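This report describes the sheet, a metal site and a helix pair of one protein model. The sequence and structure are shown first.

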Amino acid sequence: MTGQAAGFEELRDLYQEVILDHGRKPRNHFRMEVFDASARGDNPMCGDRVELFLALADGHISKASFLGRGCAISQASASLLTELVPGLTPGEARAMGTRLREMAKTGVRDGSTPALERLSALSGVHEFPSRVKCATLAWHALDAALDGSKEASSE
Ligand code: ZN
């Protein structure tokens, strides 16, 4: 592998294949023209920004997209979010975010569903407490969007 930024080696274990893939080729990376909920998340410690857009239909999230910049972990997490939450109710989507936050803090992988299994790629951040916010930023934006706030706290 060539051309990686300094510091890549020590973070190598964080960058499992799913993170690298989504970090390089973020899915649903566009501003939705018509959306029902949106929020920005900001993680100044790392320079990550995410703006999330959600479309809702019949009590479910029907579509999700995002714009953002920042480290591979933050962008991969947002990309995964936009793939995983469509079809869920807002409550189910929040619950998924709660499980991700637990995995990111404890490192205990939850493979109880295929969606959580994919998200568990982000659990490696627990060894690097300053990166936990990178992994959870998009999910805080999800909560803020569903709450009707425009700005997410990264706390
Ligand atoms: Zn970051």
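In what order do the 4 strands of the open sheet lie? The order is 3-2-1-4, with mixed pairing. Strand 3 and strand 4 (151-152) are the edge strands, each pairing on one side only. Strands here are DSSP runs of E with at least two residues, helices are runs of H or I with at least four, and both are numbered from the N terminus; two strands pair if DSSP finds at least two bridges between them.

The model is predicted: local features require pLDDT of at least 70 and side-chain atom pairs count only at pLDDT 80 or more, whereas totals for chains, interfaces and linings use all residues. Residues are numbered from 1 along each chain as its sequence is written, and side-chain values use heavy atoms, with hydrogens and water left out.

**Strand pairing**

Strand 2 (residues 48-57) and strand 3 run antiparallel and are joined by 9 bridges. Val50 has Gly68 of strand 3 as its bridge partner. The hairpin of these two strands has 2 residues between them, and Asp58 there adopts a positive phi near 50°. Strand 1 (residues 37-43) and strand 4, by contrast, run parallel and share 2 bridges; Gly41 stands opposite Ala152 in strand 4.

**Zinc site**

The zinc ion is coordinated by Cys46 (SG), Asp48 (OD), Asp48 (OD), Cys71 (SG) and Cys134 (SG), at 2.1 to 2.8 Å. Donors are N, O and S atoms within 2.8 Å of the metal (3.2 Å for Na, K and Ca); water is not among the atoms, so sites may look incomplete. Along the chain the donors follow the spacing C-x1-D-x22-C-x62-C. Cys71 lies in the loop between strand 3 (60-69) and helix 3 (72-84) and Cys134 in helix 6 (residues 132-147), so this pair ties together parts 63 residues apart in sequence.

| Residue | Relative accessible area | Class |
|---|---|---|
| Cys46 | 31% | partly exposed |
| Cys71 | 13% | buried |
| Cys134 | 0% | buried |

A search of the whole structure finds 0 disulfides (pairs of cysteine sulfur atoms within 2.5 Å).

**Helix packing**

The axes of helix 4 (residues 90-106) and helix 6 come within 10 Å and cross at roughly 160°. Axes are lines fitted to C-alpha atoms, for helices over the stretch in contact, with angles from 0 to 180 degrees between N-to-C directions. Helix 4 and helix 6 are therefore roughly antiparallel to each other, a term for angles over 145 degrees.

Conventions
Buried < 20%, exposed > 50% of the residue type's maximum accessible area, 1.4 Å probe, protein only. Parallel < 35°, antiparallel > 145°, perpendicular 65-115°, else oblique.
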